[in-house]
Each structure stands twice: as structure tokens, then as C-alpha cells.
Amino acid sequence: MNTTRPTTRTTARTTQEWQAADAAHFLHPFTDFQALAKKGSRIITRADNIYLTDSEGARILDAMSGLWCVNVGYGQQALIDAATRQLQELPFYNSFFQTTTPPAIELAELLAQVSPPGFQHVFFSGSGSEGNDTVVRMVRRYWDLQGQPDRQVIISRWNGYHGSTMAGASLGGMAYMHAQGGLPIPGITHIEQPHWFLHGRPKGLSREDFGKQAAGWLEQKILEVGPDKVAAFIGEPVQGAGGVIVPPETYWPEIQRICDQYGILLVSDEVICGFGRTGRWFGCETMGTRPDLITFAKGVTSGYIPLGGVLVGERVAKALIEQGGEFEHGYTYSGHPVACAVALANIRLIQEQKLVERVHDDLGPYLADAFRELSAHPLVGEAQTCGLMGALQLVKDKASGSGFAPELEVGMLCRGHCFGNGLIMRAVGDRMIIAPPLVMTRAQIDEMLALIRLCLDLTLADLQSRGWLA
Ligand code: PXG
């Protein structure tokens, strides 16, 4: 055991003891509590660079960056030092009542530098979900100030993910979430996602034409709701939790054109795509849009500590500042000094190590080439990447692209092989997805790909032995 690193653990328990205490008291997010209690949680005890260690001592390559957030990898001393220093100096003060703290000011300043042109202001929250709650409040406030209070409706997409608060889950297009708790809240409506594979790769329609058609669904919805009632459209540049769905190149420019035509606000939810994930600082730069608001979280601190917020573009900022009076909204932890200090260290590290450029020029293209090769695997119907995120759609019949029956849970089967072989890869239905840390080396990408290939082969053999595949 490494004794040089301090640990806050006061008791060393066995895995079984951890699991028993966990099952007795801890209700995990998005979890069937009873099923997990039977099986027992996996206990992650430490991590370094891109590798996790569990309570059994197993080493696991974390191809999901924690949960799409540990962009700079684990164990970065600069972030640890920043948090420690700030905890000693000033662990908390608020930004209400005409006060604030140096880290919050400096982070706002630095975010203005790294964000796309026109973004000079930020509103801080504690998470991505809270950031999207702020978006709903801000968008509606903006239209009130424009003398158009009837513009209330926000359009988003089925299978988009925008968080789990009432507004976040309502903006999101996860029907199973709406089914619990009477969602969506009023004034939120959804259109279909630009998912080429799910739409059956429509014959006679190129990917590019499909992208335009999918963007056209926004225009149809605007006309259906009434253009004078629509406040905003929100989307993730690349849908993350929905399965790393990279839209056709024609999609976002056409969405931008439609937003411009009807004067509605465009919100880019960059909780996953921000801070280098797509090979630019923000995914909207990769997709070629000019959003009015950008939601961020996760990668802003590389997940070392919770922080989120909304970058506010010129048009909305001007209205809020010059006409707005008091904006009746905020959180205790808006601009938390320790979180902001960690974010400052994280962003400076990304800058110093040129991680965004590295993803854009080297690692992203390297991963794309490797995924092109993987697409030849008999189980893979589609392989997509964007920067350092990727998806493999598992199919039963490669030629037709037809999939497995959902109840077979082939994705979960594949995920089981990944876990068993020291790789964290997520399954969204039968779509296997990755979003590894941006600090990876090419050799580590090779190591990850060898594991992915092994797990695909094991899944294939497993399916054949169960008689689910010829
Ligand atoms: N927007 C997007 C695009 C997200 O991916 C949120 C908002 C909400 O952020 P918070 O910090 O409130 O969780 C997210 C979060 C998954 C998974 O299964 C993805 C997220 C969260 C939990 C699970 O891939 N994304």
C-alpha cells in the first residue's frame, strides 16, 4: 500500500462489509435499490492518471473519465493543492448581498477568455442540472424583459439529457424519467433526435440530407407551437448520456439558421462537450453554432469538486444587466471559492498541457482511425467518434443493421465483459460508449482499444454460445 498519500478513511473494511453498509443506508442515483443490494456495489477506493483501483485491488482503465468529467485524469497535484490552499484561506463565503471572493472573480474572468467570442459573463451553479434550471429562469426572464412574456416554450429533444432536477429532467428527453414525478413541467416540448442509425439509415437519403431533415423538425415544432411563443431551443452538441450520438455535419448549421430566422435563443448544453472533449474548448465551436447560452459543469473542475454554471452571451447579458433590475435566482454555492479555485487550476492545466489542441490534432484523429478499424468487427453496426468520445452500436446483422431484442440486454452483457477485464465502458442500450481522460497517451489509447476488441470478441463468443447469434 502507498503510505505517502494521506487517506481520510478511518476504517479499512472488507468488500463485503462495505457492501453491507452501502446496501443498508445509501440510496444510489438511478438505481434499482433492491437489485443492487442483492448483487453488492463495486467499491472504488483510489485512482491515478486513467486507472481506478477497487476494494479487491483490481486495476481498471477508466474509459468514461469518472462520469464524463475527469478530463485531466486522476491525481493532478495542481488541483489538489489549489483546493487545499483555498480550504485553508477561505473555505466558504457567498456571492449574495453584494459580496464575492477572489477565486470566483478570477474564474469568471478566465472563463470569458476561453469561451467563444461574445461570452463575457457567467452565472455559477453547483451542477449541470442546476445550470439548466438557471437556463430556464434566464431564458424566460430575457423574453419578459423584451416585452414578449408569451415566449415561454423551450424546445429540446427526445433522448437528450439535461439533468435530473425538475427542470433538467423536463428539458431532457428521457421518457422513463418523465414517467416518475409528473414531468415535463409546463412549457417544455420535444422533437426527435438526429440519430441516423436509429432512424434506420433511411434509404435514398444521405447522412447530410438526413441532418437537414432532422433540423427541419425544429422548424415544424416552432410553427406548431407558434413562433411568438417559442423562447429557446436547447441541445447537446453531441448527445452524451443518450449514447454519444454525433449528428450529421449539416445538422447544427441548419439548427442555427432556424433559430436565427425565428429569433429564438439557442442554448448549447456543454456539460459533457465543454472543456476540450470534442477537440475545441466547447462543442459549439466544433459544430459551428453561435449559442446565446452555454451550460457547463463536469470538465470545468475535471470532477474533482462540484461546479456548474451558464455562460451568458452578449444578447442575454445585455438585457439582464441593462434592463433587468434584480434577477431573483441563485444558489448558496454559486461561485463556491474552493470549487472556483479548483476550476482555475484545472483550466490552467488544460492550457499548459495544450490538452484541447492535443485532442484536436492528435488523439481525436488517432481514436477516429482506430474506431474505423473497429467498425469491421462482426458485432459493430456503426462506430462514431467526436474528439475523445466514441460509440459502437452493437448489431445482430451487420448487413441490414438490425439489432438484438432489447430484453436480451446485449449491451449489459458486453459491459460485464468490460468490467471483468479491467475496462470501464458504458452501455446505453446496445450502444457501447467511451469518453476517456484527455491526458491519455497514444499507448494508453492502444491499451484501451485492445481491451475493447477483446471484450467485443468475448461478447460475440458469449452470444454464440447462448444461441443468440449464428
Ligand atoms: N447536461 C448534460 C449534457 C449532462 O450530460 C447534466 C446536464 C446534468 O449534470 P449534473 O451535474 O446535474 O449531473 C448532464 C449530466 C450517464 C450520465 O448515464 C450522464 C450525466 C449524469 C449522470 C449520468 O451518462 N450527465
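This is a predicted model: local features need pLDDT of at least 70, side-chain atom pairs count only at pLDDT 80 or more; totals for chains, interfaces and linings use all residues.

Me: Good. How many residues surround the ligand?

Reply: There are 16. Trp68, Gly128, Ser129, Asp269 and Arg426 are the closest.

Me: Which atom of Ser129 lies 2.5 Å from an oxygen atom of the ligand?

Reply: A polar side-chain atom. Trp68 also has a polar side-chain atom there, 2.8 Å from a ligand oxygen. Gly128 uses a backbone N or O atom, 3.0 Å from an oxygen of the ligand.

Me: What share of the ligand does the protein bury?

Reply: The protein buries 82% of the 540 Å² that the ligand exposes when taken alone.

Me: Which elements give two or more residues to that shell?

Reply: Helix 3 (65-68) and helix 6 (128-145). Helix 6 has the largest share, three residues.

Me: And by class, what's in the shell?

Reply: Six nonpolar, six polar and four charged residues.

Me: Where does the ligand lie relative to the domains?

Reply: Between domain 1 (42-72 + 354-466) and domain 2 (78-352), because both give residues to the shell.

Me: New topic. What about the second largest pocket?

Reply: It holds about 960 Å³ of space. The lining has 28 residues, with Ser95, Val122, Phe123, Phe327 and His329 nearest the centre.

Me: Which element gives the most to that lining?

Reply: Strand 4, with five residues. Helix 5 (102-114) and helix 12 (314-323) each give two or more as well.

Me: How does the lining divide by class?

Reply: Into 15 nonpolar, eleven polar and two charged residues.

Notes. Residues are numbered from 1 along each chain as its sequence is written. Side-chain values use heavy atoms; hydrogens and water are left out. A residue is near a molecule or strand if one of its heavy atoms lies within 4 Å of it. A polar contact is a pair of N or O atoms within 3.5 Å; within protein, one must be able to donate a hydrogen and the other to accept it, and residues adjacent in sequence count only if both atoms are side-chain atoms. Accessible areas come from the Shrake-Rupley method with a 1.4 Å probe; for residues, only the protein chains shown count as cover. Helices (H or I, at least four residues) and strands (E, at least two) are DSSP runs, numbered from the N terminus. Ala, Val, Leu, Ile, Met, Phe, Trp, Tyr, Cys and Pro count as nonpolar, Asp, Glu, Lys and Arg as charged, and the others, Gly among them, as polar. Domain bounds come from an automatic or database domain assignment. On a 1 Å grid over the protein atoms alone, a cavity is a set of points where a 1.4 Å probe fits but cannot get out, and a pocket is an open set with protein on both sides within 12 Å along at least five of seven lines; lining residues have an atom within 4 Å of a point. Grid points are joined across faces, edges and corners, and a volume is the space filled by probe spheres set on the points.
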